[in-house]
Amino acid sequence: MNTDRRVKVALRDDDGEVETLWATPLGAGRYRLENSPFFTYRVSWLDVVEAAPAPDGQLEAQRVVEKSGHRTVRVILDDVTAPESKPFREAFLRLGCTYEGFQPKLLSIDVPPTASLSQVADFLTAEGVEWEYADPKYEDLFPDDT
């Protein structure tokens with residue numbers, strides 16, 4: 001990937017909080033997200049968003065225009081870089097996923113279309129760690145439970 005073309009795109013949540021992700025310009029105001037979100041819901045790696053400059057010049061996502069098929073799960077650990085968390089992190093690779101860490105406690109797990117979201121959820125539940133569905137959210141997956 002030609003990383004010198006990447007730009008930062010701001011994603012704003014319902015509370016007005018902003019997270020910026022790297023994105024590749026695709027033209028016509030469309031940008032492909034190039035990393036996994038840590039705080040924003042209902043977006044994942046490689047989703048395409050429509051974005052426009054805000055008054056301060058920062059590109060701000062307006063809406064998701066194309067879903068990539070990737071899903072995002074977030075995990076909170078005591079220390080994502082601790083040697084004892086390495087086997088836990090490596091388990092995601094065996095499940096066909098990748099992850100990014102937000103030091104020192106947060107992992108954003110990318111679940112590609114080829115991996116099983118239910119296997120990831122089962123693994124996390126069995127491990128007894130704090131985690132959440134971020135894209136799709138729990139209520140998207142289980143609307144009858146909310």
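Analyst: A salt bridge here is a side-chain nitrogen of Lys or Arg within 4 Å of a carboxyl oxygen of Asp or Glu. This is a predicted model, in which local features need pLDDT of at least 70 and side-chain atom pairs count only at pLDDT 80 or more, while totals for chains, interfaces and linings use all residues. Residues are numbered from 1 along each chain as its sequence is written, and side-chain values use heavy atoms, with hydrogens and water left out.

User: How many salt bridges does that rule give?

Analyst: The count comes to 11 salt bridges.

User: What does glutamate 60 pair with?

Analyst: Glutamate 60 forms a salt bridge with arginine 12, and their closest N and O atoms are 3.0 Å apart. This pair links distant parts of the chain, since glutamate 60 lies in strand E5 (residues 59-66) and arginine 12 in strand E1, 48 residues apart. Strands (E, at least two residues) and helices (H or I, at least four) are DSSP runs, numbered from the N terminus.

User: Is glutamate 60 buried or exposed?

Analyst: Glutamate 60 counts as buried because its relative accessibility is 19%; buried means under 20% relative accessible area, exposed over 50%, and partly exposed in between (1.4 Å probe, protein chains only). Arginine 12, at 45%, counts as partly exposed.

User: Which residue meets arginine 32?

Analyst: The side chain of arginine 32 meets that of glutamate 34 in a salt bridge, at 2.8 Å from N to O. Arginine 32 is partly exposed, with a relative accessible area of 28%, whereas glutamate 34 is buried, at 10%.

User: And what about arginine 74?

Analyst: Arginine 74 forms a salt bridge with glutamate 132, with the closest N and O atoms 3.3 Å apart. Arginine 74 is in strand E6 and glutamate 132 in strand E9 (residues 130-135), so that the pair links parts of the chain that are 58 residues apart. Arginine 74 is buried, with a relative accessible area of 3%, and glutamate 132 is partly exposed, at 31%.

User: Turning to the strands, how many bridges join E1 to E2?

Analyst: Six bridges join strand E1 (residues 7-12) to strand E2 (residues 18-27), and the two run antiparallel. Two strands are said to pair if DSSP finds at least two bridges between them. Leucine 11 has glutamate 19 in E2 as its bridge partner. The two strands form a hairpin with five residues between them, and glycine 16 in the turn has a positive phi of about 90°.

User: What does E2 do with E3?

Analyst: E2 pairs with strand E3 (residues 30-33) in the antiparallel sense, over four bridges, and the bridge partner of proline 25 is tyrosine 31 in E3. The hairpin of E2 and E3 has two residues between the strands, with alanine 28 in the turn at a positive phi of about 55°.

User: How many bridges join E3 to E4, and E4 to E5?

Analyst: Three bridges join E3 to strand E4 (residues 48-53), antiparallel, and arginine 32, the salt-bridge partner of glutamate 34, stands opposite valine 48 in E4. Six bridges join E4 to E5, again antiparallel, with alanine 61 in E5 as the bridge partner of alanine 51. Their hairpin has five residues between the strands, and glycine 57 takes a positive phi near 95°.

User: What does phenylalanine 88 touch?

Analyst: Leaving aside residues up to four places away in sequence, phenylalanine 88 touches Val75, Leu77, Leu107, Phe123, Leu124, Glu127 and Val129, where contact means heavy atoms within 4.5 Å.
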